[in-house]
Amino acid sequence: MAAIDMPPRLPFWQRAVFSVPIFGRMAREVAYGDDENLLYAAIAFICGWGCSIMLFGLPGLYLPALALVPLMFLVLIVISRG
């Protein structure tokens with residue numbers, strides 16, 4: 001497997017996110033890896049959500065959706081700014 005081509009100097013927030021042990025590796029692969037890595041990350045997210053529904057029932061469905069509300073507010077703000 002080839003190494004990921006990354007810029008020599010990253011901003012602080014990217015270094016902070018990429019330094020988290022498991023999540024950072026996935027974020028680095030999505031940001032700088034192949035194009036299909038974004039699809040694989042989305043599929044993994046949906047499968048994880050499905051597993052939480054199977055384990056916890058309705059709270060497994062509602063709580064991740066409730067946790068994503070601030071992200072959707074951010075997306076709407078970014079869209080409205082142009």
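Which residues line the largest pocket? The lining consists of Phe-23, Met-26, Ala-27, Glu-29, Val-30, Asn-37, Leu-38, Tyr-40, Ala-41, Ala-42, Ala-44 and Phe-45.

## Basis

This is a predicted model: local features need pLDDT of at least 70, side-chain atom pairs count only at pLDDT 80 or more, and totals for chains, interfaces and linings use all residues. Residues are numbered from 1 along each chain as its sequence is written, and side-chain values use heavy atoms, with hydrogens and water left out.

## Largest pocket

Two elements give two or more residues to this lining: helix H2 (21-32) and helix H3 (36-56). H3 provides the largest share, seven residues. Helices here are DSSP runs (H or I, at least four residues), numbered from the N terminus. By class, the lining holds ten nonpolar residues, one polar and one charged. Nonpolar covers Ala, Val, Leu, Ile, Met, Phe, Trp, Tyr, Cys and Pro; charged covers Asp, Glu, Lys and Arg; the others, Gly among them, are polar.

The space in the largest pocket is about 270 Å³. A pocket is an open set of points on a 1 Å grid over the protein atoms alone, where a 1.4 Å probe fits, with protein on both sides within 12 Å along at least five of seven lines; lining residues have an atom within 4 Å of a point. The volume is the space filled by probe spheres set on the points, which are joined across faces, edges and corners.

## H3 against H4

H3 packs with helix H4 (residues 58-67) at an angle of about 140°, and their axes are 6 Å apart. Axes are lines fitted to C-alpha atoms over the stretch in contact, and angles run from 0 to 180 degrees between N-to-C directions.

From H3, Trp-49, Ser-52, Ile-53 and Phe-56 meet Leu-58, Pro-59, Gly-60, Leu-61, Pro-64 and Ala-65 of H4. This contact has eight nonpolar, two polar and no charged residues. Contact means heavy atoms within 4.5 Å.

## Two residues

Ser-52 sits in H3. Ser-52 is buried, at 15% relative accessibility (under 20%; exposed is over 50%, partly exposed in between; 1.4 Å probe, protein chains only). Beyond neighbours within four places in sequence, Ser-52 touches Gly-57, Gly-60 and Pro-64.

Val-17 belongs to helix H1 (residues 12-18). Val-17 is partly exposed at 29%. With neighbours within four places set aside, Val-17 is in contact with Phe-23, Gly-24 and Ala-27. Val-17 and Ala-27 are ten residues apart in sequence and 7.6 Å apart, C-alpha to C-alpha.
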